[in-house]
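User: Please take me through the labels given to this structure. For each one I would like the value set against its cut-off.

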Amino acid sequence: MSENPAAVIVAGGPAPPVAWARPLLEKASLLFCADSGLHLCLACGLQPDMLVGDLDSVGPEQLSRLPALRYGVEHHRSDKDESDLDLTLRALSRHWQGQVDILAALGGRLDHALFNVCAILFQGRGLGLQTRLLEPDLLVYPLEQDLLELHELTGSTCSILPLGGELKGVYLEGFRYGLQGETLGHRQTRGLSNQIESPQASIRAESGQALVVITKNYPGC
């Protein structure tokens, strides 16, 4: 995935430190908030382009103090069928095609975190977005039949977790343990804890789906 300017979604999970998040939010091409993600934006001194969700974590007084947002507020019923982050991703896709960094989507409730990594990431792909989840020391990417390029991650740990079946035709370049067209089995641990050894590394798979989880050891993202 390229390092071009990204849109950013702030989800409603535990917020990362303001000092880490603010530079990401300031340079975002578009900034969307899912419900309580608004709190992190305001703590960074920023206004989102759009606020989406049932707004059960945003009080009427706080809403009344918001200036007019570029794309407004999309208020949903509390008994909706989708999560606030799901709805925010769909709303963003109507205004943006390209890289999307999602913050505050991990930690907190395990069920929310699992849905975010196993459903939201791949839903974004279906909407034409290049999605990834970011935390201060963590990156999570979806991988399908494509090439994932990783830049300036030397020394970071990378794990590849196949989903729903085997990940076939796997090629790893720039890793301590390279692969050349091999298979990573479902419910096996062979893809755990590889190490990136090149500033320009890549992962490619010919078939299957996987999560790529990178524990970072570098100064930025």
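Analyst: The answers below go through the labels one at a time. This is a predicted model, in which local features need pLDDT of at least 70 and side-chain atom pairs count only at pLDDT 80 or more, while totals for chains, interfaces and linings use all residues. Residues are numbered from 1 along each chain as its sequence is written, and side-chain values use heavy atoms, with hydrogens and water left out.

User: Why is the pair of F32 and Y71 called tilted?

Analyst: Rings of Phe, Tyr and Trp (its six-membered ring) pair if their centres lie within 6.5 Å; planes under 30 degrees apart count as stacked, over 60 as edge-to-face and the rest as tilted. A search of the whole structure finds one aromatic pair. The ring centres of F32 and Y71 are 6.1 Å apart and the planes are at 45°, so the pair is tilted.

User: What makes this pair a tie between parts of the chain?

Analyst: F32 lies in strand β2 (residues 31-34) and Y71 in the loop between α3 (60-65) and β4 (73-75), so the pair ties together parts that are 39 residues apart in sequence. Helices (H or I, at least four residues) and strands (E, at least two) are DSSP runs, numbered from the N terminus.

User: Why is S156 called buried?

Analyst: Its relative accessible area is 0%, so S156 is buried. S156 is found in the loop between β8 (147-151) and β9 (157-173).

User: How do you know that D49 has no salt bridge?

Analyst: A salt bridge is a side-chain nitrogen of Lys or Arg within 4 Å of a carboxyl oxygen of Asp or Glu. Lys and Arg count as positive and Asp and Glu as negative; His and the chain ends are not counted. For D49, which is buried, the nearest side chain of opposite charge is R70, 4.1 Å away, and there is no salt bridge. D49 is found in the loop between α2 (37-43) and β3 (50-53).

User: What makes helix α4 largely enclosed?

Analyst: Nine of the 10 residues of α4 (residues 84-93) are buried, so the helix is largely enclosed by the rest of the structure. Among them are D84, L85 and D86.

Conventions: Buried < 20%, exposed > 50% of the residue type's maximum accessible area, 1.4 Å probe, protein only.
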